[in-house]
Amino acid sequence: MRIIGLLQARTSSTRLPGKVLMRILGEPMILHQLRRIKRSELIDDIILCTSAESSDDELAKVCSGAGYQVFRGSLNDVLDRFVSCLDGEECDQVVRLTGDCPLTDPAIIDKTIQKHLEKEVDYTSNSLAPTYPDGLDVEVFKITALLRAWKEAVLPSHREHATPYIYSHPELFELQNVEATNDLSYMRWTVDEPVDFEFVTQVFEHLYPLN
C-alpha cells in the first residue's frame with residue numbers, strides 16, 4: 001500500500017496574499033510545514049500541489065529547490081488538479097493537507113491515517129466535527145473515492161476544493177471522523193490573516209530553538 005500526501009497551496013490568497021512564502025525564522029512558511037509533514041511515519045511521498053499560474057512560479061521554485069516534488073495544475077478546479085497530480089502514480093490512499101497550516105502535527109496526521117486504515121472507510125478526517133485546533137486539519141481518502149468525485153462532481157463548490165463532494169454525500173461514501181481527547185476546536189492555529197501569521201511566528205520563535 002502506498003500513501004501519498006498532497007499539500008495544497010497557492011500564493012493568490014485573497015486575505016493574506018503570498019502567505020505561504022512569508023518568512024518565519026528566515027525561511028518560507030511552506031518549507032516549515034513540509035518538514036513537519038515529512039516527519040509522518042505513514043506517508044510515503046509528499047507532493048506540493050499548486051497551480052500552473054505564473055503567480056505560483058516562485059512557490060514552485062522554492063519547494064522544488066528544497067528537494068520536494070511539485071505538481072502544477074488548474075487554479076480553480078482543485079479536484080482536477082489532485083487527480084491530474086496522481087495520474088500515473090501507484091497510490092492507494094491520499095492525505096490532503098493545506099498550505100496555511102504550518103503547525104501541522106505529524107502525530108495527528110499518522111493517527112488519522114491509522115484510524116482510516118483500521119476501518120477501511122472511504123474518507124477519514126478530524127474536521128467533520130472539529131475537536132482539534134483549527135490548523136491541524138487532516139483528510140485521508142481512498143484514491144477510488146477521489147476518482148469517483150472527479151467523475152461525478154459538477155458544482156463549482158465541489159470542484160474548487162478536492163473533497164466536498166465526498167463528505168457531502170454520506171450515502172455514497174463511508175465517512176469517519178477522528179476526535180481529540182478534549183475539544184480544542186476553539187483554538188485558531190491556521191494562517192489566514194496577519195494576526196494569525198504573527199501568532200504562528202511567535203510560536204516558532206519560542207519553541208523552534210528548543211526542539
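Visitor: Which residue of strand 8 is the bridge partner of tyrosine 123?
Guide: In this model, which is predicted, the bridge partner of tyrosine 123 is phenylalanine 141 in strand 8.

Visitor: What makes strand 7 and strand 8 a pair?
Guide: Pairing requires at least two bridges found by DSSP between two strands. Strand 7 (residues 123-125) and strand 8 have three bridges in the antiparallel sense, and therefore they count as paired.

Visitor: In which sense do strand 6 and strand 8 pair, and over how many bridges?
Guide: Strand 6 and strand 8 (residues 139-142) pair in the antiparallel sense, over four bridges. Within that pairing, valine 95 has valine 140 of strand 8 as its bridge partner.

Visitor: Why is strand 4 called largely enclosed by the rest of the structure?
Guide: A residue is buried when its relative accessible area is under 20%. Six of the seven residues of strand 4 are buried, and so the strand is described as largely enclosed by the rest of the structure.

Visitor: What makes helix 1 largely enclosed too?
Guide: Seven of the 10 residues of helix 1 are buried, so the helix is likewise described as largely enclosed by the rest of the structure. The buried residues of helix 1 are Met29, Ile30, Leu31, His32, Gln33, Leu34 and Ile37.

Visitor: Why is isoleucine 37 called buried?
Guide: Isoleucine 37, which lies in helix 1, has 1% relative accessibility; the limit is under 20%, and so this residue counts as buried. Leaving out residues up to four places away in sequence, isoleucine 37 touches Leu7, Ile43, Ile46, Leu97, Thr104 and Ile109. The C-alpha atoms of isoleucine 37 and glycine 5 are separated by 8.3 Å, although these residues are 32 residues apart along the chain.

Visitor: Which members of the largest nonpolar core touch the most other members?
Guide: They are Ile30, Leu34, Val95 and Ile109, in a core of 26 residues. At least two residues of this core come from each of strand 1 (3-8), helix 1 (29-38), strand 4 (45-51), helix 2 (57-65), strand 6 (93-98) and helix 4 (106-119). Helix 1 gives the largest share, four residues. Apart from its neighbours within four places in sequence, leucine 34 is in contact with Leu7, Ile46, Cys63 and Tyr68. There is also a second, separate core of 23 residues, which includes Ile47, Leu79, Phe82 and Phe141.

Visitor: How much space lies in the largest pocket?
Guide: The largest pocket holds about 890 Å³ of space. It is lined by 33 residues, of which Gln8, Arg96, Thr98, Asp100 and His161 are the closest to its centre. The lining divides into 11 nonpolar, 10 polar and 12 charged residues, and strand 6 supplies the largest share of it, three residues.

Visitor: Which elements give two or more residues to the lining of the second largest pocket?
Guide: The second largest pocket has a volume of about 450 Å³, and 14 residues line it, with Arg36, Arg39, Phe204, Tyr208 and Asn211 nearest its centre. The elements that give two or more residues to this lining are helix 1 and helix 8 (194-207). Helix 8 provides the largest share, four residues.

Visitor: What is said of the phi of leucine 25?
Guide: Most residues other than glycine have a negative phi. Leucine 25, although not a glycine, has a positive phi of about 55°, and its place is in the loop between strand 2 (23-24) and strand 3 (27-28).

Definitions and conventions: Residues are numbered from 1 along each chain as its sequence is written. This is a predicted model: local features need pLDDT of at least 70, side-chain atom pairs count only at pLDDT 80 or more; totals for chains, interfaces and linings use all residues. Side-chain values use heavy atoms; hydrogens and water are left out. A nonpolar core is a set of buried Ala, Val, Leu, Ile, Met, Phe, Trp, Tyr and Cys residues joined through side-chain atoms within 4.5 Å. Buried means under 20% relative accessible area, exposed over 50%, partly exposed in between (1.4 Å probe, protein chains only). Contact means heavy atoms within 4.5 Å. On a 1 Å grid over the protein atoms alone, a cavity is a set of points where a 1.4 Å probe fits but cannot get out, and a pocket is an open set with protein on both sides within 12 Å along at least five of seven lines; lining residues have an atom within 4 Å of a point. Grid points are joined across faces, edges and corners, and a volume is the space filled by probe spheres set on the points. Ala, Val, Leu, Ile, Met, Phe, Trp, Tyr, Cys and Pro count as nonpolar, Asp, Glu, Lys and Arg as charged, and the others, Gly among them, as polar.
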